[in-house]
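Colleague: Can you walk me through this model? Start wherever you like.

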Amino acid sequence: MATPTDERRAFPGLGREPASVRQRVEAMEQVLERLFVIPGINQPVGLDVILDLVPVVGDIAAAALGAYIVWEAKNLGMSKWQISRMAGNVGVDWLLGLIPFVGAIPDFFFRSNTRNLRIIKRHLDKHHAGTATIEGQATRGQ
């Protein structure tokens with residue numbers, strides 16, 4: 001007979017442990033900031049920039065999705081200073097997006113969710129070293 005713990009393990013990323021939180025936050029950041037790459041300029045764009053093209057409602061939706069990342073950070077037990085910085089990043093992103101149609105341009109360069117992910121990763125790497133991942137490329141020695 002399956003227990004609730006077994007069911008939770010069947011779907012990685014659904015738990016409350018730091019590794020699962022890291023997976024969720026990385027996935028959300030990718031959707032919001034790097035959903036696809038614009039051909040020609042090779043620049044990644046995500047749902048955050050696309051939502052900024054819809055006046056007011058899109059900005060509110062993008063801010064709510066960004067606030068989810070901040071909520072996950074709060075549940076990790078991050079400091080009030082870190083949470084404040086992250087909320088400030090989402091707030092600046094929201095304010096820049098309120099400029100009709102032109103607001104997507106600053107959002108293209110000020111990637112609040114990527115900044116917030118970086119803050120969370122630093123916290124996880126320091127306090128939950130088992131969740132750390134190694135990023136980079138493997139090269140062959142000659």
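Helix 2 and onwards

Modeller: Helix 2 has 16 residues, which at 1.5 Å a residue should span 22 Å, and its end C-alpha atoms are 22 Å apart, so the two values agree. The expected span is 1.5 Å times one less than the number of residues. Helices (H or I, at least four residues) and strands (E, at least two) are DSSP runs, numbered from the N terminus.

Colleague: What are the ground rules for the values?

Modeller: This is a predicted model, where local features need pLDDT of at least 70, side-chain atom pairs count only at pLDDT 80 or more, and totals for chains, interfaces and linings use all residues. Residues are numbered from 1 along each chain as its sequence is written, and side-chain values use heavy atoms, with hydrogens and water left out.

Colleague: Which residues of helix 2 are buried?

Modeller: Pro18, Ser20, Val21, Arg22, Arg24, Val25, Met28, Glu29, Leu32 and Glu33. Buried means under 20% relative accessible area, exposed over 50%, and partly exposed in between (1.4 Å probe, protein chains only).

Colleague: What covers them?

Modeller: The cover of the buried residues of helix 2 includes strand 2 (43–45), helix 3, helix 4 and helix 7.

Colleague: And Ala19, where is that?

Modeller: Ala19 is in helix 2. Its relative accessible area is 39%, so Ala19 is partly exposed.

Colleague: Back up a bit. What is the overall make-up of the chain?

Modeller: Seven helices and two strands, in the order α-α-β-β-α-α-α-α-α along the sequence. Of the 142 residues in the chain, 36% are buried.

Colleague: How much of the contact set is between residues 24 or more positions apart?

Modeller: 59% of the contacts in the chain with a separation of 6 or more. Contact means heavy atoms within 4.5 Å.

Colleague: Now helix 7. What should its length be, and what is it?

Modeller: Helix 7 (residues 112–127) has 16 residues, so at 1.5 Å a residue it should span 22 Å; its end C-alpha atoms are 23 Å apart, which agrees. Its buried residues include Leu117, Ile119, Ile120 and Leu124, along with Lys121 and His123. The buried residues of helix 7 pack against helix 2 (18–33), helix 3 (47–52), helix 4 (57–75) and helix 5 (80–97).

Colleague: What about Thr114, which is it in contact with beyond its neighbours within four places in sequence?

Modeller: Glu29 and Glu33. Thr114 is found in helix 7 and counts as partly exposed because its relative accessibility is 21%.

Colleague: How do helix 5 and helix 7 pack?

Modeller: At an angle of about 170°, with their axes 9 Å apart. That makes helix 5 roughly antiparallel to helix 7. Their contact has four nonpolar, five polar and four charged residues. Axes are lines fitted to C-alpha atoms, for helices over the stretch in contact, and angles run from 0 to 180 degrees between N-to-C directions. Angles under 35 degrees count as roughly parallel, over 145 as roughly antiparallel, 65 to 115 as roughly perpendicular and the rest as oblique.

Colleague: And at what angle do the axes of helix 4 and helix 5 cross?

Modeller: Roughly 175°, and the axes come within 10 Å. Helix 4 is therefore roughly antiparallel to helix 5. The contact residues divide into 11 nonpolar, two polar and two charged. Ala, Val, Leu, Ile, Met, Phe, Trp, Tyr, Cys and Pro count as nonpolar, Asp, Glu, Lys and Arg as charged, and the others, Gly among them, as polar.
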